[in-house]
Amino acid sequence: MTTLTELHDWHRDLRAQFPIITGNPDRAYLDSAATSQKPRAVLDAVQRYLTTANANAGRGTYTWANATTALVDRTRTRVARFLGDPAPQQHSGVHFVSGTTEGLRTVARDWLPHHLRDGDEIIVPFADHQANALPWLEAQRLLAGQGVRITVRELPYDPASHDYDHRALAGLVTDRTAFVAATHVHHVYGGDMNVHRIRAAVGPDVPICLDAAQSVGHLPVDVGTLDVDFVVFSGHKAMALPGTGAVWARNTRGPVFTPGGWNGTPNTCGIAALEAALDWLDAAGPDRVRRWNTALAARLTDGLRTLDPYEVLGCRSSLAADSRVQQREGIVTFRHRGIGSNDLGFVLDSHGLMVRADGHCQARAGERESSVRVSLHVYNGPEEIDRLLSVLRGLR
Ligand code: PLP
């Protein structure tokens with residue numbers, strides 16, 4: 001039985017829990033890599049919090065203030081457990097941020113400068129999201145102003161598989177390599193970047209920071225297996241509200257992560273949403289979520305392969321139906337050879353198909369031309385893929 005048939009009832013029950021999806025049957029939301037839709041359980045949790053316990057956290061000592069402080073503390077542990085941390089808070093910590101961009105900038109601003117010494121080298125990706133390139137360059141500039149010279153090297157790519165070139169990475173490592181930044185799932189090509197191989201390539205001592213914006217909420221993320229030092233993600237891409245996200249820090253390689261500055265009031269109702277979202281995702285089953293999303297993506301690439309005017313970006317060999325190469329984790333990006341991607345985006349919207357059409361915030365070594373990205377989640381179904389393919393087939 002195919003995954004889509006096997007998980008059909010599971011998907012139908014989950015889809016019914018998204019009011020914005022069921023309330024708009026003529027529209028297909030195909031931009032979940034930008035932000036996810038929210039299930040009723042998350043909307044209810046926010047409503048419940050705001051109507052029963054809304055107060056500030058970490059300040060007052062009355063009932064609602066204590067309940068809010070407890071919510072924030074509990075959700076820290078919830079995030080750590082969701083990421084497979086076996087002993088939350090023994091060494092590790094969770095810091096709430098507004099999303100992956102702020103999270104990576106916080107690591108670059110408040111941790112990296114304490115870790116690096118003059119002459120150190122760091123290795124960072126330049127064809128991933130710019131949020132995972134610019135903060136490290138900012139840190140380099142900041143340190144240069146203090147007389148500390150840091151060399152920034154590019155995390156090597158294999159142009160055929162669009163995966164990192166783990167062998168070339170091993171060749172870049174020297175005794176001055178002090179930090180590596182990587183991405184778990186690529187936000188344009190949709191590939192799992194096999195980050196477990198990075199640890200093998202760089203050895204046991206180099207801290208690794210993982211941009212997990214496109215993996216948390218889409219597939220099981222286990223800090224035990226990955227052996228990385230930071231996991232940074234956006235809660236709003238994982239069913240929670242906008243303005244939520246977190247940095248998980250292992251705190252065993254290099255200094256302890258202690259975000260500086262005065263942050264003031266935390267996003268308490270966002271944190272209530274994040275707690276509910278992680279409960280919801282655990283109940284849905286991250287492994288089934290992954291199987292569903294990759295099966296939908298495969299249905300789309302299978303269809304696009306038969307349409308001559310379209311070029312699918314990313315790993316070519318994984319387009320074959322029987323490919324054993326990595327699958328696309330619910331993200332498929334393509335171009336029409338004759339129609340500009342922005343025009344294509346408008347045309348698809350006029351058919352109720354909401355996709356992302358632009359350069360996708362890729363850093364400097366990314367694609368030069370814009371493209372159309374379809375990104376899927378559990379509320380999407382095979383009929384939406386077929387509808388999209390049928391519109392694409394009809395375009396000249
Ligand atoms: N990193 C990746 C891989 C992303 O896909 C995104 C968002 O599209 C980000 C970082 C930035 O996330 P946010 O806008 O939530 O800060």
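Helix α13 (residues 286–305) lies across β11, β12 and β15 (371–375), and its direction is at about 20° to β12. The model is a predicted one.

- Four strands, in the order β11-β12-β15-β14, make up an open sheet whose pairing is antiparallel.
- The edges of this sheet are formed by β11 (310–312) and β14 (356–358), each of which pairs on one side only, and the twist from one strand to the next averages 30°.
- Between β11 and β12 there are three bridges in the antiparallel sense, and Tyr310 has His336 of β12 as its bridge partner.

**His336**
- His336 belongs to strand β12 (residues 331–336) and has a relative accessible area of 10%, so this residue counts as buried, the limit being under 20%.
- The side chain of His336 reaches two backbone nitrogens, that of Gly338 at 2.9 Å and that of Ile339 at 3.1 Å.
- Leaving aside residues up to four places away in sequence, His336 touches Pro309, Tyr310, Leu344 and Leu395.

**Cysteines**
- A disulfide requires a pair of cysteine sulfur atoms within 2.5 Å, and by this rule the count is zero disulfides.
- For Cys361, the closest cysteine sulfur is that of Cys209, and because the two sulfurs are 18 Å apart, they are too far from each other for a bond.
- Cys361 is partly exposed at 32% relative accessibility, whereas Cys315, at 4%, counts as buried.

Notes. Residues are numbered from 1 along each chain as its sequence is written. This is a predicted model: local features need pLDDT of at least 70, side-chain atom pairs count only at pLDDT 80 or more; totals for chains, interfaces and linings use all residues. Side-chain values use heavy atoms; hydrogens and water are left out. Buried means under 20% relative accessible area, exposed over 50%, partly exposed in between (1.4 Å probe, protein chains only). Helices (H or I, at least four residues) and strands (E, at least two) are DSSP runs, numbered from the N terminus. A polar contact is a pair of N or O atoms within 3.5 Å; within protein, one must be able to donate a hydrogen and the other to accept it, and residues adjacent in sequence count only if both atoms are side-chain atoms. Contact means heavy atoms within 4.5 Å. Two strands pair if DSSP finds at least two bridges between them. Axes are lines fitted to C-alpha atoms, for helices over the stretch in contact, and angles run from 0 to 180 degrees between N-to-C directions.
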